[in-house]
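Try each task before reading its solution.

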Amino acid sequence: MIPNSTRNFFRSANDGHGSRSYGELSPEASTNFDTKEVSLLGNVIRALDSPLRIEIVLALNERPHFVHELVKRLDSSQPLISQHLKVLKSAHVVEAERTGRQMTYFLAEPLVMDIFSLALKAAKSEQV
């Protein structure tokens, strides 16, 4: 089966029934992003373009973490994890909160997981 490339989907925050659902954008509407929106999208996509940053987001999707917990979990150095967190934070994918001397990181917007789901679905459809 050949995918219909003229259909573009977005995730609606609320479909009026209290739950999220997929809606459909017309091909024309999907190209009507202004310059600022394109820049914001680029920042988020660039921030997610790293296997280690993807692992960080997946860990933070489970629960907030201290930096030292991410270092141990991902078997990476503290400076490397901190650098990746800085990239994710500047793209507004994660947020941080000081707890004493430590920073606790958490997802700024859990809907970022939808990006992963859609990307994985697209990647798997390419394998067929």
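A contact here means heavy atoms within 4.5 Å. Helices (H or I, at least four residues) and strands (E, at least two) are DSSP runs, numbered from the N terminus. This is a predicted model, in which local features need pLDDT of at least 70 and side-chain atom pairs count only at pLDDT 80 or more, while totals for chains, interfaces and linings use all residues. Residues are numbered from 1 along each chain as its sequence is written, and side-chain values use heavy atoms, with hydrogens and water left out.

**Exercise 1. Find which residues of α2 and α5 meet, and describe how the two helices cross.**

Step 1: start with the contacts. From α2, Ile54, Val57, Leu58 and Asn61 meet Val112, Met113 and Phe116 of α5.

Step 2: turn to the axes, which are lines fitted to C-alpha atoms, for helices over the stretch in contact, with angles running from 0 to 180 degrees between N-to-C directions. Those of α2 and α5 (residues 112-127) come within 11 Å and cross at roughly 125°.

Step 3: classify the angle. Under 35 degrees counts as roughly parallel, over 145 as roughly antiparallel, 65 to 115 as roughly perpendicular and the rest as oblique. The α2 and α5 pair is therefore oblique.

**Exercise 2. Work out the order of the strands in the open sheet.**

Step 1: recall that two strands pair if DSSP finds at least two bridges between them.

Step 2: The order is β3-β5-β4, with antiparallel pairing. The edges are β3 (65-66) and β4 (94-99), each of which pairs on one side only.

Step 3: look at threonine 104 in β5. Phenylalanine 66 has threonine 104 as its bridge partner, and glutamate 97 also stands opposite threonine 104.

Step 4: check the turn. The hairpin of β4 and β5 has two residues between the strands, and glycine 100 there takes a positive phi near 65°.

**Exercise 3. Which residues of α3 are buried, and what covers them?**

Step 1: apply the cut-offs. Buried means under 20% relative accessible area, exposed over 50%, and partly exposed in between (1.4 Å probe, protein chains only). In α3 (residues 67-74), Val67, Leu70, Val71 and Leu74 are buried.

Step 2: view the helix down its axis. The buried residues of α3 fall within an arc of 105°, taken from the directions from the helix axis to the C-beta atoms, so they line one face.

Step 3: name the cover. It includes α2 (51-62), β3, α4 (78-90) and β5.

**Exercise 4. Is aspartate 75 buried or exposed, and what about histidine 92?**

Step 1: aspartate 75 sits in the loop between α3 and α4. Its phi is near 50°, a positive value in a residue other than glycine, and at 70% relative accessibility aspartate 75 is exposed.

Step 2: histidine 92 lies in the loop between α4 and β4. Its phi is positive too, near 65°, and at 61% relative accessibility histidine 92 counts as exposed.
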